[in-house]
Amino acid sequence: MSNARKVAVVTGSNKGIGFAIVKELCAKFDGDVFVTSRDEGRGKAAVEELKKLGFQPNFHQLDIDDESSVLRFKDYLKSEYGGLDVLVNNAAIAFKNDATEPFSEQATLTMRTNFFNTLRFCNIIFPLLKPHARVVNVSSSVGHLRKIPGDDDVSVALRKKLSSSDLTVEELVKMIEDFVKAAQTGNHQKLGWPNSAYSTSKIGISALTRIQQKAFDHDSREDIVVNSVHPGYVDTDMTSHKGPLTIEQGAVAPSWLALLPSNIKEPKGGYVWYEKQIVDWVNGPVPTVV
């Protein structure tokens, strides 16, 4: 039992940007840092790789698609640390551009992990957040509201609802559920959504971040901050190694947000670009994608 010890967790961190965020936090965070992954073998291999670099990360198995895995991890954090100081929600999936799976299937599976189960994970873990905790939701350049195209009435209404300061989690969940249903028949674009399950999932996460911060602003625990971030177009398995940025460059903004000092005024509930630039999620402009 080490309740006085601070702890940071990065989901999906056995490789790629998540791995690099762990490395950055190991260097800069005053506390224990956890690699988590679905596969125990890959996670422990990542820990050994980091130890060779002189860091001392910890490992715990975590599959956000498995509620029992999430609950076990919650119990572990509660018993060992009494809470959580830093959470980076990085775990996500993406189908390749040349994927042969039907769009209906892509929509169902992508939303399950990237939105619905990420939300469930937050709901289970957020009660552990300590005062001054920092949460980072890894979004994407395609998670900007302006990725909902068009100036027709349907698109305008969709953007307006998603950007409303009164939007609730329940309303957002219903909207994402409607997208998945429409994707089964190919009608999702008629509802204003982009023709990309990944983009829609990250728009959902960006919108969720704003709602979460609003809740934290009224929380009895002081100064809990959440932001979403576009880490850049990074050379990872997810991008088929087409991104020009290294994983270390992709970790810069997420790590900065994870280590924001106490009682900062902004960013809070913000959408942050990989160069640590705070971007207007509603109106743009959207910086050049790199």
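Student: Where is Pro 285 found?

Tutor: This is a predicted model, so keep that in mind as we go. Pro 285 is in the segment after β8. A cis peptide bond links Gly 284 to Pro 285, with omega about 0°.

Student: Which other residues does a cis peptide bond join?

Tutor: Look at Glu 266 and Pro 267: a cis bond joins them, and omega is again about 0°. Pro 267 sits in the loop between α9 (252-258) and β7.

Student: What is there to say about phi of Asn 263?

Tutor: Asn 263 has phi near 60°, which is positive, and the residue is not a glycine. Asn 263 belongs to the loop between α9 and β7. Lys 276 also has a positive phi without being glycine, near 70°, and its place is the loop between β7 and β8.

Student: How do I read the exposure of Asn 263?

Tutor: Buried is under 20% relative accessible area, exposed is over 50%, and partly exposed is in between. Asn 263 has 45% relative accessibility, so this residue counts as partly exposed. Lys 276, with a relative accessible area of 38%, is partly exposed too. Across the protein, 53% of the 290 residues count as buried.

Student: In what order do the strands form the sheet?

Tutor: Read along the sheet, strand by strand. Here eight strands make an open sheet in the order β3-β2-β1-β4-β5-β6-β7-β8, with mixed pairing. β3 (58-61) and β8 (278-279) stand at the edges with a single partner strand each, so one side of each has no neighbour in the sheet.

Student: How many bridges join β6 to β7?

Tutor: Two bridges join β6 (residues 225-229) and β7 (residues 271-272), and these strands run parallel. Ser 228 stands opposite Tyr 271 in β7.

Student: And what does the secondary structure of the protein come to?

Tutor: Nine helices and eight strands. Among contacts between residues at least 6 apart in sequence, 71% join residues at least 24 apart.

Student: What radius of gyration does the protein have, and what would a compact globule have?

Tutor: Compare the two values. A compact globule with 290 residues would be near 19 Å, and the protein has 18 Å, which agrees. The C-alpha atoms fill a box of roughly 55 × 45 × 35 Å along the principal axes.

Student: How many positive and negative side chains are there?

Tutor: There are 34 positive and 35 negative ones, and the centres of the two sets lie 1 Å apart.

Note on methods. Residues numbered from 1 in each chain as written. Predicted model: local features only at pLDDT ≥ 70, side-chain atom pairs only at ≥ 80, totals over all residues. Heavy atoms only, no water. Helix = DSSP H or I, 4+ residues; strand = E, 2+ residues; numbered from the N terminus. Rg over C-alpha atoms; globule rule 2.2 N^0.38 Å. Buried < 20%, exposed > 50% of the residue type's maximum accessible area, 1.4 Å probe, protein only. Contact = heavy atoms within 4.5 Å. Lys, Arg positive; Asp, Glu negative; His and termini not counted. Charge placed at Lys NZ, Arg CZ, Asp CG, Glu CD. Pairing = 2+ DSSP bridges.
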